[in-house]
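Here is a short briefing on one predicted model.

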Amino acid sequence: MDFQEPSKYVNKEVSISFRRQRIVFIHNEFLMLLCSKIPNVKDRASIVYSLIKSYNLFSSMKVIDVTPASMEDLCKFHSPLYIKFLKKVSHFFTSVSEEDRDLVAENLEAESQDFGIVVGLFLGYDCPLVSNLFSLVSLVGGSSLTAARELNERSADIAINWYGGWHHAQRVISEVIKSYQPNAIVMQCGADGLAGDKLGGFNLTLKSYTYCVKYILSLHKPTLLLGGGGYNEANVARCWTTLTSIAAGREISNNIPENEYFPYFGPDFTLEIHPSNLKNTNTSEYLENILSEITDYSLKKGMHKQKSQLPTAFGKPQFPDLCNDEEHTILIEKPVTSGNIPKSYPGVDSRRDFWDPDHVKLPCSENNSTLGKQKRWDLVKEALTGSRIGSVEQLEAAIKTYNADVGSQWKFTSLKLFFREIYSATENKAFFDSLLPKIIGLALRLPELITNGIPLLKRDRTHSVSLSQLQVACLLANAFLCTYPCRNEVPTGVLTFSRNYIAPNSIPKWFASERTLSGLYVSSDGNIEDDGYGFFQMDFADKFIGGLITTTGCVQEEIRFSICPELIISRLFTECIGPNEAVIITGCERFSNYSGYGPNFKWTGNYKDPTPSDQYGRRYCTVLGLDAMNYRWKPAKQYTSESIQRELNKAYAGFSWGCSLANQTELCAVATGNWGCGIFRGNVQLKSLLQHMSASEAGRDLAYYTFNNVKLRNSMAETHQFLVENKVTIGNLYKLVLEFCEDELFKSMNVFEFLKSRIVTSNAETASGSKSRNV
């Protein structure tokens, strides 16, 4: 078929005018040569380049050479196993003779099928093997990365790379643009939909392609045009040359100029592509239904708001500011500048020693003595530096030296198991020869690094403590938690540990709130720490912060504390979290990658944290520690008004942090998920709604990760859209939730079903009453 009325299936109101823009064209002679040797598109790349050149279009563009993609670049987008296989098969077929290739192919056949590449005698059509395969892959990938780099660096408005785009793309464009509001667009222009293509079964002409490209360019977004399929070489050249001319703002003749491949364009030697007499079996109704279904699913059920539309914290003031006051204790000298190692405050000569119920009792305190009045810190230094510690048994003995009062109770079972059965002999040696001395050295710097008292974050009181990363590492070293990774450099960052208490007279009056629901991004893929980049990030906390991190725990909170071990130090000075309280940690760094959950959790390697820092050196990473109620033994308890109120207030205590910050016009979103819905047996629909209500009251959007629950993702997005369209306030939602609970409707339906049913009924009654009054 051809789109005789292309706007019918795009947008009837669209204007396709566009301004002249800066254009780069990606080209490399060796890449063109390699692409021209691919059997199913033989000479295509050369024909395309020759035709574009014959129209003198390069005079309107800047031609950019290709920077090949490295192994690291390719592995960011593809499986390392796949990339390694391409390199191996490329080496084999480059180094063996023609007569031996079938034998090599036979050996590689099984492995190649896993990756969709045919290496046998019959090469296959879409993914054949070619010589210099890895060079081809590196250059093709590099060509698209080179084009993207030109756009990212704002060197161009449009980048054209007909060597890239070996994949398929999405076609529901106007609704996607409207909902997604992208910052840039990548458009794949595969030409196998043209009439006369050897592989494609469509019957399109250039009219459809040019309309689509004009529409995209009319949006005035940085745009990358890529190639892709297309197996009638002359028609592909016609198509991509025409699209190049449109991007360049040049009108070109329908008559093809003389060029190296001129005979390919016979018999009429024109750009025009004529449709065949192939019958179009796509009815208008069928096309409308497809577009409607895709739009409805992708944009309404899938995710109401895109993550890129949610405000992040980057570049904005973080709360609290580094000011010493009655609600903030700062253990570093000001001014603090990012990138420099903060100095301790006050100086060592003015060191303050606290030994009372309101401060952490530090091991180096003058008041820390044994029953025999011997300074415990002297015992620590002697035990750790008196003689070399070369085994776990010697480490155990050293620790027990200055813990004689409880040493007999400590068995160090897990530590011994780790060194005897998990660590190899080489790793044991490296630990005791290299890492342990550094940990000991760092720990013994405690008197010079911590020169002021660390206040306890006590219940029913809002207070913050700011420390440098080096101070936190020192405290962790003194706790002998050897998860802190080996560094070549001294950490320069700062962390702030806060406790936020919402007094009873400051709790929102939920029933009277006139706010409506804030923006929502919901996804069944991803997780809080990876995909919540730039947002406040939820820690599904235990009421004792950190949960079972130092024992057997291995769920959401413990995993977060494992990969961000600086969080662990919060346990040193944070009391049990109260009902109207939250613990907030700003500036933590992530050090580890992991896979799995619970019993399947395992460390998979080091992580280089790319998160930028504010002017004080605090990373733009704020973790909210919120403890959910435990309904494990009484699930019905969550449907009481007391529980509803408690969870709303608890979430608000975290989400409202920093809302009063001056000049903060757009608060960053909160990244969260199924809070308290695992072993605590919270209802996912109810808990997601309560979190969104609290976030909305605090003025924050919500990024929600359902952890592979596609049904929840769809129902959340659908319900959110329904509530927004009906302008339901938080106050009305609160009353409806209480009605749902008090009438025990949760026994027959979920809260989303109830809300839609109840609001539809209410709207109908209102409309009926209005009609009666008019009569």
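Leu467 stands opposite Leu495 in β8. Ser466 faces Thr496, also in β8. These pairs belong to β7 (residues 463–468) and β8 (residues 494–501), which pair in the antiparallel sense over six bridges. Strands count as paired if DSSP finds at least two bridges between them. Strands (E, at least two residues) and helices (H or I, at least four) are DSSP runs, numbered from the N terminus.

This is a predicted model: local features need pLDDT of at least 70, side-chain atom pairs count only at pLDDT 80 or more, and totals for chains, interfaces and linings use all residues. Residues are numbered from 1 along each chain as its sequence is written, and side-chain values use heavy atoms, with hydrogens and water left out.

**Strand β7**
- Thr329 has Val465 of β7 as its bridge partner.
- Six of the six residues of β7 are buried, so this strand is largely enclosed by the rest of the structure. Buried means under 20% relative accessible area, exposed over 50%, and partly exposed in between (1.4 Å probe, protein chains only).
- Both faces are covered. His463, Val465 and Leu467 are buried on one side, and Ser464, Ser466 and Ser468 on the other.

**The sheet**
- Nine strands form an open sheet with mixed pairing, in the order β6-β7-β8-β11-β14-β10-β15-β16-β9.
- The edges are β6 (328–330) and β9 (520–523). Each has a single partner strand, so one side of each is left without a neighbour in the sheet.
- From one strand to the next, the twist averages 20 degrees.

**Helices across the sheet**
- Helix α18 (residues 556–563) lies across β10 (536–541) and β14 (622–627), at about 125 degrees to β10. Axes are lines fitted to C-alpha atoms, for helices over the stretch in contact, and angles run from 0 to 180 degrees between N-to-C directions. Contact means heavy atoms within 4.5 Å.
- Helix α19 (residues 641–655) lies across β8, β10, β11 (581–586), β14 and β15 (670–672). It runs at about 160 degrees to β14.

**Cysteines**
- A search of the whole structure finds zero disulfides, a disulfide being a pair of cysteine sulfur atoms within 2.5 Å.
- Cys364 is in no disulfide, and the nearest cysteine sulfur, that of Cys474, is 8.0 Å away. Cys364 is buried, with a relative accessible area of 7%.
- Cys621 is in no disulfide either, and the nearest cysteine sulfur, that of Cys588, is 3.7 Å away. Cys621 is buried, with a relative accessible area of 7%.
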